[in-house]
Amino acid sequence: MPTAARDIPQGNGHNDTLARTVSNSFGTLDLSSSPTATFHSPPSSYGGHQKPSTKQLKPFNSSDIKVLLLENVNKTGQDILRKKGYQVEALKTSLPDDQLIEKLRDVHVIGIRSKTQLTANILKHAKNLIVIGCFCIAENGICVFNSPFSNSRSVAELMIGEIITLARQLGDRNNELHDGVWNKVSAGCWEVRGKTLGIVGYGHVGSQLSVLAEAMGMKVLFYDVVNLMSMGVASPVHTLDELLQQADFVTLHVPELPETKNMISTHQFEQMKQGSYLINASRGSVVDIPALIKASQDGKLAGAALDVYPNEPGGNGEHFNSNLNDFTEDLRKLKNILLTPHIGGSTEEAQSAIGVEVAESLVNYVNLGTTSAAVNMPEVTLRSLTMDEPNHVRVIYIHRNVPGVLRRVNEILGDHNVDKQMTDSRGDVAYLMADISNVNTSEIKDLYQSLEDLGSRIRTRVLY
């Protein structure tokens, strides 16, 4: 009878429950059967034979996998993980470092949002951690997944709202009426139809914004360092200055890089049209905000909207002041400026999509070892094992990217038939995944230990 997959423990850091599970694997061999697949692949076009059912690999018993979710991760993501049988602890807030270190001692999976910083000091205590659901730097063979594009629509819609709000000076009229002042004016208020939108960075957000803006009758120009196909009738321009000189509204959608730091500063404001508008929801370092303040005070800009800042508070509260950024008070005094607290992707729909995408990536990595969409590992995937392959083992070997490793790994695997194998590298880290056949359960522990003993080893996993 096929056996349930197990993930061989790494080092001596696993808790007692996992230790007992592994002991059973190599002792009495009292292993449960793999679950039967609930669906079948469609018949092959070559001969019409039914493909074998997919074999569901699982590390240990699913109930032994401990998941910690911080900062109110969306319930859709939580549900996906719980349905897999994992032990899921979901907290609404981040944790102080000392509490986080204690929590991570026996956790295999952690899901975080922007407030939690997983430093090297914290990660060195996480002996069982194999995967992170968010972006951070990891050098311990811990795979990291995030969902960078699931909130693209939400950000694009915010941009549309801010374009209209700035054009009609709605922020100022709203504030005035809250203060009891009735100020019905039309001077300096515009329709957006027929105006020119200049999009800097024509990626996932920029291209969606392009379509929405055209639907409102705007002319769209875009500038990107990569040659990209335009959506609709949007027109690319060759230089940033060319875009700035023609656009009534300029929106920024670029990553935080040395090349993009203060990419909109005094010179760029001088190139912009008199009475134009700037909107930034990309990264806080992209705009030289003191230069923006001067351009607004001088009348060069008719308005601006900022959703991101060079320094942002670690939590909600009355923290947006000069202690955070020394220009804050001058910024808050400007007319027709919209200031929002990094909420571009903060919608129910975006958080649900992020929860689903990250949770599914975590499950695929824990159960199958695939690294598709990982931010810190090479993308490696193999087709699933099937129920017709009961004595197959999937070997995952994360190692330093140095010469001679493949030769030594293949020497260890050489006593078995390697049905399929894939390897790739990313910088100093390489990821090897191989499916080997005709493996007795009694051989798995020696196979695992032989790979662990290699000097190039960062982390070894064996699924079966």
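A residue is called buried under 20% relative accessible area, exposed over 50%, and partly exposed in between, with a 1.4 Å probe and protein chains only. This is a predicted model, in which local features need pLDDT of at least 70 and side-chain atom pairs count only at pLDDT 80 or more, while totals for chains, interfaces and linings use all residues. Residues are numbered from 1 along each chain as its sequence is written, and side-chain values use heavy atoms, with hydrogens and water left out.

**Whole chain**

Select the protein chain. Its secondary structure comes to 14 helices and 16 strands; helices (H or I, at least four residues) and strands (E, at least two) are DSSP runs, numbered from the N terminus. Of the 464 residues, 49% count as buried. The accessible surface is about 22,900 Å², and carbon and sulfur atoms hold 49% of that surface; areas come from the Shrake-Rupley method with a 1.4 Å probe, and for residues only the protein chains shown count as cover. Taking contacts between residues at least 6 apart in sequence, 65% join residues at least 24 apart. Contact means heavy atoms within 4.5 Å.

**The five-stranded sheet**

Select residues 66–69, which form strand S1. S1 belongs to an open sheet of five strands in the order S2-S1-S3-S4-S5, with parallel pairing. Two strands pair if DSSP finds at least two bridges between them. Why does one side of S2 (87–90) and of S5 (143–145) lack a neighbour in the sheet? Both stand at the edges with a single partner strand each, so one side of each is left open in that sense. On average, neighbouring strands of this sheet are turned by 15 degrees against each other, direction ignored.

S1 and S2 run parallel and are joined by four bridges.

Helix H2 (residues 75–83) lies across S1 and S2 and runs at about 160 degrees to S2. Axes here are lines fitted to C-alpha atoms, for helices over the stretch in contact, and angles run from 0 to 180 degrees between N-to-C directions. Helix H3 (residues 97–104) lies across S1, S2 and S3 (109–111), at about 160 degrees to S1.

Now select Gly 85, in the loop between H2 and S2. Gly 85 is partly exposed, with a relative accessible area of 32%.

**The seven-stranded sheet**

Which strands make up the open sheet of seven strands? The order is S8-S7-S6-S9-S10-S11-S12, with parallel pairing. S8 (235–236) and S12 (337–339) are the edge strands, each pairing on one side only. Select S6 (residues 196–200), which pairs with S9 in the parallel sense over four bridges. Within that pair, Ile 199 stands opposite Thr 251 in S9. Helix H10 (residues 289–297) packs on the sheet and touches S10, S11 and S12, its direction making about 145 degrees with that of S11.

**Helix H5 and what follows**

H5 lies across S6, S9, S10 (276–280), S11 (301–306) and S12, running at about 150 degrees to S10. Select residues 152–167 to show H5: 16 residues that reach 23 Å from first C-alpha to last, close to the 22 Å expected at 1.5 Å a residue. The expected span is 1.5 Å times one less than the number of residues. The buried residues of H5 include Val 155, Met 159, Ile 163 and Leu 166, and also Glu 162.

After H5 comes Gln 169, with a positive phi near 55 degrees. Its side chain makes a polar contact of 2.7 Å with the side chain of Arg 173. A polar contact is a pair of N or O atoms within 3.5 Å; within protein, one must be able to donate a hydrogen and the other to accept it, and residues adjacent in sequence count only if both atoms are side-chain atoms. Arg 173 sits in helix H6 (residues 170–178). Is Arg 173 buried or exposed? At 19% relative accessibility, Arg 173 counts as buried. Leaving aside neighbours within four places in sequence, Arg 173 is in contact with Asn 183 and Val 185.

**Two asparagines in loops**

Most residues other than glycine have a negative phi. Select Asn 262, whose phi is positive, near 50 degrees. Asn 262 is in the loop between S9 (249–252) and H9 (266–271), and is partly exposed at 33% relative accessible area.

Finish at Asn 438, with a positive phi of about 55 degrees. Asn 438 is in the loop between S15 (429–437) and H14 (441–452), and is exposed, with a relative accessible area of 60%.
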